[in-house]
Amino acid sequence: MDQSHQPDTELWRCAALGDQDAFAALFERHVRAVWNHAYRLTGSWSVAEDLASATFLTAWRKRGEVALVNESALPWLYKVAGNLARTEHRGSARRLRLVRRVGQEQVADHAEAVVDRLSAGERVRALAAAVAALPKAQRRVVELCLLGELPVPDAAQLLGLAESSVRAHLSRARARLRTDLEGTR
């Protein structure tokens, strides 16, 4: 049966009951958006690929526990990807500190070196670092609304905040990001 036209809520309900085809339809529908979101958060193609995979693995494992926002799985998937990106960022920072302490130099991956040469990639990494430096409330709102392009009402519902609070966090975050990123143009 063609499940491509069924709403996310129906596919999620079927997946929660063990229907792998329904979950595959959700995956096909949202994997590109989740990968793009992970890339905007990390600035790395390979890390974004890993995060997208981990996001859907988490979705499969928690498919029976999740309530969708406005009949879409995407807000929840963005939230999972954001959490995984933060965990990855902390792990990378720990590994880098360890390498510095030991006194070894990291050997750059050729593919990452090519990406590093692209000015767009540099701006994305600068943005990812600036977003990671935001206070937690502002960072989550930016990840969902600006990077994930989620509407303010959906983000407010997902985060359990008033829409006015989400808008205030967005305003403060935009001002800080403008200041922090002025030198990267």
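Colleague: At what angle do helix 8 and helix 9 pack, and how does that make helix 8 lie relative to helix 9?

Modeller: Please keep in mind that this is a predicted model. Helix 8 covers residues 152-159 and helix 9 covers residues 163-181, and their axes are 8 Å apart. The packing angle is about 105°, and because angles of 65 to 115 degrees count as roughly perpendicular, helix 8 is, relative to helix 9, roughly perpendicular.

Colleague: How many nonpolar residues are in the contact of helix 8 with helix 9?

Modeller: Helix 8 contributes Val 152, Pro 153, Ala 155 and Ala 156, while helix 9 contributes Glu 163, Val 166, Arg 167 and Leu 170. By class, two of these residues are charged and none is polar, and the number of nonpolar residues is six.

Colleague: How does helix 7 lie relative to helix 8, and which hand does the crossing have?

Modeller: Helix 7, residues 136-147, packs against helix 8 at about 140°, with the axes 9 Å apart, and that angle makes helix 7 oblique to helix 8. In the contact, Arg 140, Val 141, Leu 144 and Cys 145 of helix 7 meet Val 152, Ala 155, Leu 158 and Leu 159 of helix 8, and these residues divide into seven nonpolar, no polar and one charged. As for the hand of the crossing of helix 7 and helix 8, it is right-handed.

Colleague: What kind of aromatic pair do Phe 27 and Phe 56 form, and which helices hold them?

Modeller: The structure holds five aromatic pairs, and in this one the ring centres are 4.8 Å apart with the planes at 70°, so the pair is edge-to-face. The pair ties together parts that are 29 residues apart in sequence, because Phe 27 lies in helix 2 and Phe 56 in helix 3.

Colleague: How are the residues of the contact of helix 2 with helix 3 divided by class?

Modeller: These two helices pack at about 140°, with their axes 8 Å apart, and their crossing is right-handed. Phe 27 and Phe 56 belong to the contact, and among its other members are Trp 35 of helix 2 and Trp 60 of helix 3. The division is 16 nonpolar, four polar and one charged.

Colleague: Which element has the lowest mean pLDDT?

Modeller: Over the protein chain the mean pLDDT is 82, and 80% of the residues reach 70 or more. Where pLDDT is low, the predicted coordinates should not be read in detail. Among the elements, the highest mean, 93, belongs to helix 2, and the lowest, 53, to helix 5.

Methods
Residues numbered from 1 in each chain as written. Predicted model: local features only at pLDDT ≥ 70, side-chain atom pairs only at ≥ 80, totals over all residues. Heavy atoms only, no water. Axes fitted to C-alpha atoms, helices over the stretch in contact; angles between N-to-C directions. Helix = DSSP H or I, 4+ residues; strand = E, 2+ residues; numbered from the N terminus. Parallel < 35°, antiparallel > 145°, perpendicular 65-115°, else oblique. Contact = heavy atoms within 4.5 Å. Nonpolar A, V, L, I, M, F, W, Y, C, P; charged D, E, K, R; others polar. Left-handed = near helix turned anticlockwise from the far one by under 90°. pLDDT = per-residue confidence, 0-100. Phe/Tyr/Trp six-rings, centres within 6.5 Å; stacked < 30°, edge-to-face > 60°.
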